[in-house]
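Biologist: Could you walk me through some charged side chains, step by step? I would like to learn how the labels are given.

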Amino acid sequence: MLKIKNMCSKKLKVPVVLLALTFLFVSFSPLMLHAKEEKTTVRIAYNNYFKKSFGPADPPIEAIKKEVSKKYPNIEVELNVTPLALGKMHNQLVTWFMSEDSTVDILGVHPVWMAEFGEAGWLLPLEDRIDKELLDSLNQSYLESHTYNGELLGLGPWWGGIGGLYYRKDLLNEYGFEPPETYSELVEIAETILKDRPNLTGWTWPAMNDQVLVNRWGEFLRGFGGEYFNEDGRCALNSDDGVEALEFMNSLIEDGITPRQVTNWKEADSQVRFINGDAIFHTGRQDLFLTLDNPEKSEVVDKWGFIPNPSQPDGASTGFYEGWAFGINRYTDVPEAATKVLEVMFSLPVQKTFALSQGPIQAHKGVYEDPDVLKHNPKLDQVLEVAKTAQPPFRSPNYPQISDILREEIHASLSGLRSSEKALDDACSRIDRMTE
């Protein structure tokens, strides 16, 4: 009997074990399922333009979400909308950084902030984080603009501004002129056409007391051979070349080639006359392309061209580069997931969507060979020529303060409050005191 009992107990052990395992599985399967489905959220800080589309494609944030969900189902992407105004957005980011806040993981970085953020150590270096094959597919000159002290701190641009010269192709052809390569040639063309057509404006560009004036000033400065700083790091804006550049800007207003209202014009205000067919030249960014060839908005469809800014013989044709980059917050709680999302943002599918929805300046070189993009923007080759002249803002952790000084002094000169030489002398005195 004892033998039989032992045999029975052995037989009972297997069902009991199975029953116990089944109980454990049923009891803990919701927890296992929850762990499997747990998602990581990556938050991107950028302004409301990430929610807009200006062409035949999804807005940027939707393109990012779709591509991330396909590649990384357990990563969710959210947009933290920042102020549109550059200064307010900068202040919000700095507030997060100063408090070591992990509210956002990826953030838009304007090139004028790169030195400041890099000096403070607020952005994660990307060289060893981002897939090398992806880095090789991005435009290296743009990546250089987002490098500080040898460290790559941002990928970009996802959208970019590069200053160039718009001209009325039909008018120049009618009067027998080639597009100007020097400032002297531009003035000659404008004066000739204005003499015959005084109802037109010669040359429009924005010059209100704002960052946009500093951007345009940099193009004139280098166009005349000037530099911001000398080899000793002291302000060189009041050199002979710098004074000549500002005197030239003043002469455009005094001679009636550029209207006096220019000192009150922000970017959009300066574009209106060219779009309406009332200006011969306009200096601005390439993001006017889609507007100029839209018959519902433009009077100059197929009548315009876009070329590098002019320069004098001793200067260099220069387009101010203001391409936005995206970097990773040093204080993020999810650096690996943020890196994955950043890589997706600069992959060809998302970059192509950006190009179709927002404009032609993108980091991925494949965008410029994509048939859909070329069909949508057949003048892309003109952007590439201007891009060769792109110059990032001068590198300084004190960029915001120096920029404020420049816009005040240059605007005062253009408004007739002080001479070009006096304005630049004052600017250099203030800048050198601040940086000593």
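**Salt bridges and accessibility**

Modeller: Let's start with Asp-58 and Lys-66, whose side chains meet in a salt bridge, 2.7 Å from N to O. This is a predicted model, where local features need pLDDT of at least 70 and side-chain atom pairs count only at pLDDT 80 or more, while totals for chains, interfaces and linings use all residues. Residues are numbered from 1 along each chain as its sequence is written, and side-chain values use heavy atoms, leaving out hydrogens and water.

Biologist: Why is the contact of Asp-58 and Lys-66 called a salt bridge?

Modeller: The term asks for a side-chain nitrogen of Lys or Arg within 4 Å of a carboxyl oxygen of Asp or Glu. The N to O distance for this pair is 2.7 Å, so the label applies.

Biologist: What makes Lys-66 partly exposed?

Modeller: Its relative accessible area is 46%. Buried means under 20%, exposed over 50%, and partly exposed in between (1.4 Å probe, protein chains only), so Lys-66 is partly exposed.

Biologist: How do you know whether Glu-409 is buried or exposed?

Modeller: Glu-409 has 4% relative accessibility, so it counts as buried. Its salt-bridge partner Arg-418, at 2.9 Å from N to O, has 30% and is therefore partly exposed.

Biologist: Which residues are linked with Glu-409 in a network of salt bridges?

Modeller: Glu-408, Arg-418 and Arg-430 are linked with Glu-409 in that network. Within it, Arg-430 and Glu-408 have their closest N and O atoms 3.0 Å apart, so they too form a salt bridge.
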